[in-house]
Amino acid sequence: MRGADLIASKLALSGARYAFGIPGGEVLALMDALDKAGIRFSLVKHENAGGFMAEGSWHAMATNGEDAPAILLATIGPGVANAVNTVANAFQDKVPLIFLSGCVDSVDAQTYTHQVFNHKELLAPVVKGSFRATTGALNVIMDKAISLALSGQPGPVHIDVPISVAEMETQEAIQPSHLPSAVRSTPDCTVIRDVVGRLANAKRPLAIAGVDAVNAGAGDTVRTLCEKMGLPLITTYKGKGLMDESHPLSLGGAGLSPKADHILLPEVAAADLVLLIGYDPIEMRINWRNPWPETTEVIDISPVERTHGMHRVNCSVIGDIKAILCALAQACTELTERQPELALQQVQRNLNEAFAPEPSGWGPASVIHCLRRVMPQTTVTTADSGAHRILASQIWRCPAPRHMLQSSALCTMACALPLAAGFKMASPETPVLVFVGDAGLEMGLGELATLRDAGLAVILCVLVDRSLSLIELKQRKSQHPNLGVDFEETDFPALAHAFGGHGVWIEDTDTLAREATAALKRDTFTILACRIDRRAYDDLL
């Protein structure tokens, strides 16, 4: 057995089933070993896209209750450098990514410099840990890496694999992990009773939930506690669907939209108690810093100690989020179920009116509303960074967690298409829809070939306004001249056909509804190129 075979077998034993990347000579043994271990390797056009595809597949597996890391494979030097963006995204968005990279042997690195630099030092700020695979210690290194990636707040872990370690026979046998397994823990009953008492005494409580609650699989317990205590719920964009967003207590997602903030932040400030459930403010704009007055009681339920300093809390309850919520819900059973204030319905109406379709009947809001109407409720959407993402995150209602995927903390472009590809690969029966701007699609255009080669029937809604709209809006507000934000139109339907898919120009909702319905029945990808005016997002965000 080669060292690469042991590495791949340990990943397979952890439940991993998908790997993505671009091979080079230094990782051929690793790629072969992954395949022999039953882990499907998919060739991508850029390592950055490979990392997002890995994340998409992880979300699909997590939706089905599978707790396993995602895998990205890159070769030495430029392969690793290309992957830095997606590794940083995994670090900020709490994605358990195992990043395997090839490297030259230590003895060669002393005199051979072609493509060689220190991978560990480059990645140090954006990984939870970095290991160098060593013959004789592969079992323990893999156990440490996998455990670290999945524990606490999940995140990326890097493993440099020297050529000789991967290709040479090893005397090690595959061993079960000797690391202690995690046990769901809750604070003692005194702490639980104290939190329940504070909730019961609050006159105007509010809950905010985020990515850590999603990763804990805590959606059902979030809903149960909110219903019992009459807690209106705001989520981050990553937390959308922790409670069905059509629920009477749901106030939807927040964090990036000034229009939504204008409606929601006064409610946050007016609350006498705020319950934070797996809420990491790394997703939020700067005006979510200290959003409540000193008189507000703040309880933070989190898997790790919070050191961000973005807001204060009165009580921090650290542990397994789902177990803590279950204990709180159980302790609430003797309390009278509290009804939310009638004012909540007015807040919901204000949000609906703020993000209603355009009076003209066409524009980015109309596009998103139309697609939400015609697409199945089970549809998983992805959103690229840009103005369309803010609008989609406010309009698109999710019935469950992980029904809208995006780069929430890093907010990087060119993520939506590969996120969708990875999810569709791991969950082929799920309808998957991409929201992307024209610039975002152009940045990652090569991955249309990945959709073609993998036979992934993903639907892409491209908002074609020939501008970096969100940046252009900021440019105007700052009274800077128009520079470097506008460009000419690309013929996306023609590109779809060139890459083996189907594409069509769309300029009204009737055509959009018809073409989206047809795309659901197609066995290849579809580009719905929706022409909207430049400056179409003015006053919408």
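# A walk through the model

Start by selecting R198. R198 is partly exposed, with a relative accessible area of 23%. Here buried means under 20% relative accessible area, exposed means over 50%, and partly exposed lies in between, using a 1.4 Å probe and protein chains only. Accessible areas come from the Shrake-Rupley method with a 1.4 Å probe, and for residues only the protein chains shown count as cover.

Before the next stop, some ground rules. This is a predicted model, in which local features need pLDDT of at least 70 and side-chain atom pairs count only at pLDDT 80 or more, while totals for chains, interfaces and linings use all residues. Residues are numbered from 1 along each chain as its sequence is written, and side-chain values use heavy atoms, with hydrogens and water left out.

**Stop 1: salt bridges**

The term covers a side-chain nitrogen of Lys or Arg within 4 Å of a carboxyl oxygen of Asp or Glu. D194 and R198 are four residues apart in helix α9 (residues 189-201), so about one helical turn separates them. Helices (DSSP H or I, at least four residues) and strands (DSSP E, at least two) are runs numbered from the N terminus. D194 is partly exposed, at 34% relative accessibility.

Next, select R2 and D5. Their salt bridge has its closest N and O atoms 2.9 Å apart.

Now go to K240 and E245. Their side chains meet in a salt bridge of 2.8 Å, N to O. K240 and E245 are both buried. Then select K94, D212, D280, D300 and R306 together. Salt bridges with shared partners link these residues into one network. Over the whole structure, a search finds 25 salt bridges.

**Stop 2: from K94 to M53**

Along the sequence they are 41 residues apart, and in space 15 Å, C-alpha to C-alpha. M53 sits in helix α3 (residues 47-63). At 0% relative accessibility, M53 counts as buried.

**Stop 3: a surface patch**

Select M1, L13 and I174. Together they make a nonpolar surface patch of about 270 Å². Patch members have over 30% relative accessible area and no salt bridge; like charges are joined within 9 Å, and nonpolar side chains (Val, Leu, Ile, Met, Phe, Trp, Tyr) within 5 Å. L13 belongs to helix α1 (residues 3-13). L13 is exposed, at 62%.

**Stop 4: cavities**

On a 1 Å grid over the protein atoms alone, a cavity is a set of points where a 1.4 Å probe fits but cannot get out; a pocket is an open set with protein on both sides within 12 Å along at least five of seven lines; lining residues have an atom within 4 Å of a point. Four cavities of 30 Å³ or more are present in the structure.

A volume is the space filled by probe spheres set on the points, which are joined across faces, edges and corners. Which element gives the most to this lining? In the largest cavity that is α10, with three residues. Both α10 (211-215) and β14 (404-406) supply at least two residues each.

Next, select D384, A414, A416, L417, P418, V436, G440, L441 and G444. This set lines the second largest cavity. The most comes from α17, with three residues. The second largest cavity holds about 50 Å³ of space.

**Stop 5: an open pocket**

Finish with G386, A387, I390, L470 and I471. They lie nearest the centre of the second largest pocket, which is lined by 32 residues. Elements giving two or more residues to this lining are α12 (258-270), α16 (387-395), α18 (438-443) and α20 (469-477). Color α20: its six residues are the largest share of the lining. The pocket's volume is about 660 Å³.
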